[in-house]
Amino acid sequence: MLVSLLVNAGILLPLGATLCAAPSPSLNPHSVPFGVRVPPDRADAPEVSAQRRRYRALLLPATLVVTVAALVIGAVLDSVAVGGVAALVLCAIAAALWLSAHRALVRAKERGDWYKHVRQGVATDTSLRTDPVRLPWAWTIPSLVVIVVTAVAGAIAYPRLPETMALPKRTSSGTVYREITTTFWTVFGPVFAQILLTAVVIGTVAAVLRARADLDVSRPLSSAARHRRHLGLTGRSLLGIAALLNLMLLGLSGMMWSDNRSGAVLSLVVGGPLLAAVAASVPLIRDGSGGGRPTSEGTGGSGGEGGADGFDGADEETGLVPRDDDRHWYGAGTVYVNADDPAVLVPRRVGLGWTVNLGNPRFLIISAAVLAIAAGATVVSATV
């Protein structure tokens with residue numbers, strides 16, 4: 001009962017806190033509240049502030065009720081599955097409130113004609129193509145070292161392994177162990193998983209470094225400098241997280257090869273790297289969307305004075321505001337579809353990071369290739 005209580009609390013409490021903080025400008029572009037593009041001087045308009053208050057005023061008590069009910073039911077049934085169901089319920093409630101706020105702001109923007117007396121524009125930095133931010137290859141070394149260590153350890157252990165091995169699996173009743181036949185593929189499966197994980201992360205970082213920059217048209221030079229710094233931080237953080245996940249796979253492999261079924265060791269092997277990965281993501285969250293860290297005024301840092309943003313020249317105010325591109329965004333600002341945009345990755349409107357352009361033919365081709373490879377791998381693994 002205690003384990004299920006702790007697990008459910010560990011799922012629901014952080015999730016509830018994250019959902020309640022979702023409208024914060026530190027977790028979203030400041031001038032895109034609830035996925036609606038507005039002029040920067042309207043980002044804290046009374047209509048926007050009212051929707052933020054309403055969202056939190058309704059979500060907070062709902063979160064408390066769902067969390068308490070899930071903890072009680074989970075403790076009585078001694079099941080962690082209740083926490084998963086409650087998490088889905090919380091996400092559904094938050095999504096409904098977000099959609100309601102999104103629609104309210106769309107109506108307010110249209111009624112007030114917020115873009116009537118502003119000059120819209122787009123800023124680009126061609127140096128991001130001629131002199132792009134380089135992939136931090138040195139940060140791939142930890143992952144490569146962990147992969148080599150795992151492969152060597154597996155090669156040493158392989159001849160001495162029994163005919164079957166125990167594979168841990170988390171269920172609603174706790175951790176159970178499933179016996180699997182000892183083969184080359186089952187023994188070195190974690191190594192292949194490490195290689196695939198590392199390749200995917202490297203590919204993701206390479207794609208992010210080529211993603212479209214959503215620069216601040218009012219101060220394009222300092223915004224470009226912040227974007228470059230943010231790309232470097234993103235690459236290092238993602239590659240560091242990949243190394244930690246590879247370390248977790250190494251630990252799980254060691255437990256499987258040695259038939260170690262200690263719950264304490266399993267918690268350390270899984271929990272340690274995961275907590276470290278969460279810690280590694282904190283700098284990205286603090287840096288804000290696209291590197292535009294909120295200041296005391298609630299807007300991204302200007303960087304016009306040089307220093308931390310790497311920009312040392314004068315960056316005069318252009319008087320422009322970002323172009324209103326709501327017509328390309330769907331699902332309350334979560335889905336981007338624009339066949340005329342050559343970018344595959346674009347900055348998110350909701351949350352941090354990047355999202356894909358579902359209207360780009362290259363993304364559709366890449367998705368089809370990935371699905372084909374995944375289907376082929378599934379067929380091969382099922383027949384081996």
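Student: At what angle do helix α5 and helix α8 pack, and does that make α5 roughly parallel or roughly antiparallel to α8?
Tutor: In this predicted model, α5 covers residues 141-157 and α8 covers residues 220-258. Their axes lie 8 Å apart, at an angle of about 10 degrees. Angles under 35 degrees count as roughly parallel, so α5 is, relative to α8, roughly parallel.

Student: How many residues of the contact of α5 with α8 are nonpolar, polar and charged?
Tutor: From α5, the residues that meet α8 include Pro142, Val146, Ile147 and Thr150. On the α8 side, Leu239, Asn246, Leu250 and Trp257 are among them. The contact residues divide into 12 nonpolar, 5 polar and no charged.

Student: On which side or sides of α7 do its buried residues lie, and what arc do they cover?
Tutor: Buried residues of α7 include Val191, Gln194, Thr198, Val201, Ile202 and Val205. An α-helix has 3.6 residues a turn, so residues three or four places apart point the same way.

Student: Which elements cover the buried residues of α7?
Tutor: Helix α7 runs over residues 189-209. Among the helices covering its buried residues are α5, α6 and α8. The cover also includes two strands, β7 (345-347) and β8 (354-356).

Student: What span should helix α2 have, and what is the distance between its end C-alpha atoms?
Tutor: Helix α2 has 32 residues, 46-77. At 1.5 Å a residue, the helix should span 46 Å. The distance between its end C-alpha atoms agrees, at 46 Å.

Methods: Residues numbered from 1 in each chain as written. Predicted model: local features only at pLDDT ≥ 70, side-chain atom pairs only at ≥ 80, totals over all residues. Heavy atoms only, no water. Axes fitted to C-alpha atoms, helices over the stretch in contact; angles between N-to-C directions. Helix = DSSP H or I, 4+ residues; strand = E, 2+ residues; numbered from the N terminus. Parallel < 35°, antiparallel > 145°, perpendicular 65-115°, else oblique. Contact = heavy atoms within 4.5 Å. Nonpolar A, V, L, I, M, F, W, Y, C, P; charged D, E, K, R; others polar. Expected span 1.5 Å × (residues − 1). Buried < 20%, exposed > 50% of the residue type's maximum accessible area, 1.4 Å probe, protein only.
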